[in-house]
Amino acid sequence: MTERALRLGTRRSKLAMAQSGHVADAVRRATGRAVELVEITTYGDVSREHLAQIGGTGVFVVALREALLRGEVDFAVHSLKDLPTTQHDDLVLAAIPKREDPRDVLVARDGLTLDRLPHGARVGTGSPRRMAQLNAYARSHGLEIETVPIRGNIDTRVGYVRNGELDAVVLAAAGLSRIGRTDEVTDFLSVDSVLPAPGQGALAVECTAANADLAAALAELDDPHTRVAVTAERSLLAALEAGCSAPVGALADLLDDGQAVTEMRLRGVVGTTDGSTLVQLSTTGPVPASHDEAIAVGRELASEMLAKGAAGLMGERAH
């Protein structure tokens, strides 16, 4: 008797389906079992309100998690940056596959790059984190730009540039890469100017804690380097969220000496959305050898940032 197909819960956006398709292929290879995609509509997909107003990142996750807990799907794939930083008691983060490019990118008219944007350029993004850093970059380079809040899928966002409504939009490199549209990027934004969201470019594969056999099988997809990096980033975010409501960017790089990975550098930024104040710090040390060590690195940098004034930067994020 053949085993039944594993049911993978996914959001139904083009990007989510592409991401889940990649994971489904990897799970088929790892387990030898058939995998079928089960499309689930989340509140974040149907609401037109701004993310901050409808409960932040978790809105894309709740419906998928409910389907998991009800047994309608066997496992789910999320963009890691959508996952709340506190782990759900009945679920396990079985795998974090190798991360895509974590950077943000510009898709602008006439092939424009960030440093070539004209005076008064209108730049669309739904992310207070991106707004804070873009505005800070503009201030420090004598540029005048206007950040315009937008929502919607990649087609909708790029459409604002194509129809002339906006001069540029900022998106995640990983998303465009996964749907095969990196040729539309006009500028890959240096992480020295714009740090990505914690966990950006990484996927999370989640199943119920009770399903230990499946969790063990899915663990074959896990990339330890990606996991340690994003764990530190998300720990920084969790500690800052507890102490301040301003938008947070973070990136952990694993540094190698040409032979082996020897160190990890974690960078964090928090700022006001107008870019007038940013607190940016980094720390470099040995690669964390455990989950708890990675958590500690993030917490330590967060407490330094709070001490440097991050707590006083009240963003516009609703509580």
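The report below moves from the whole chain to its strands and helices, and then to single residues.

## Basis of the description

This is a predicted model, in which local features need pLDDT of at least 70 and side-chain atom pairs count only at pLDDT 80 or more, while totals for chains, interfaces and linings use all residues. Residues are numbered from 1 along each chain as its sequence is written, and side-chain values use heavy atoms, with hydrogens and water left out.

## Overall form

The protein contains nine helices and 13 strands, where helices (H or I, at least four residues) and strands (E, at least two) are DSSP runs numbered from the N terminus. Its radius of gyration is 20 Å, which agrees with the value near 20 Å that a compact globule of 319 residues would have; this radius is taken over C-alpha atoms, and the globule rule is 2.2 Å times the number of residues to the power 0.38. Taken along the principal axes, the C-alpha atoms fill a box of roughly 70 × 45 × 45 Å.

Of the 319 residues, 51% count as buried, a term that means under 20% relative accessible area, with exposed meaning over 50% and partly exposed in between (1.4 Å probe, protein chains only). Among contacts in the protein with a separation of 6 or more, 71% come from residues 24 or more positions apart, a contact being heavy atoms within 4.5 Å. The protein exposes about 14,300 Å², and carbon and sulfur atoms supply 49% of that area, as computed by the Shrake-Rupley method with a 1.4 Å probe; for residues, only the protein chains shown count as cover.

There are 33 positive and 43 negative side chains, and the centres of the two sets lie 4 Å apart. In this count Lys and Arg are positive and Asp and Glu negative, while His and the chain ends are not counted; the place of a charge is taken as NZ of Lys, CZ of Arg, CG of Asp or CD of Glu.

Strands of a sheet pair through backbone hydrogen bonds, either parallel or antiparallel. Here, two strands are said to pair if DSSP finds at least two bridges between them. Strand β6 (residues 121-124) runs parallel to β7 and is joined to it by four bridges, with I145 in β7 as the bridge partner of A121.

Within this sheet, β5 (residues 104-108) pairs with β8 (residues 168-172) in the antiparallel sense over five bridges, and V107 stands opposite V169 in β8. β5 also pairs with β9 (residues 187-188), again in the antiparallel sense, over two bridges, and there L106 stands opposite D187. Five of the five residues of β5 are buried: D104, L106 and A108 lie on one side and V105 and V107 on the other, so that both faces are covered.

## Helix α3 and its surroundings

Helix α3 (residues 62-70) has A63, L64, R65, A67 and L68 as its buried residues. These residues pack against β1 (6-11), β2 (35-40), β3 (75-79), β4 (91-95) and β10 (203-208). Just after the helix, G71 takes a positive phi of about 80 degrees.

Two of the strands that α3 packs against, β1 and β2, pair in the parallel sense over six bridges, and the bridge partner of T10 in β2 is E39. Five of the six residues of β1 are buried.

D110 is found in the loop between β5 and β6, where it is exposed, with a relative accessible area of 66%. Its phi is positive, about 55 degrees, although D110 is not a glycine.

G275, in the loop between β12 (261-271) and β13 (278-286), counts as buried at 8% relative accessibility. Leaving aside neighbours within four places in sequence, G275 is in contact with A132, N135, A136 and R139; G275 and A136 are 139 residues apart in sequence but 4.0 Å apart in space, C-alpha to C-alpha. A311, in the segment after α9 (291-307), is partly exposed at 34% relative accessibility, and it touches G243, C244 and L306, not counting residues up to four places away in sequence.
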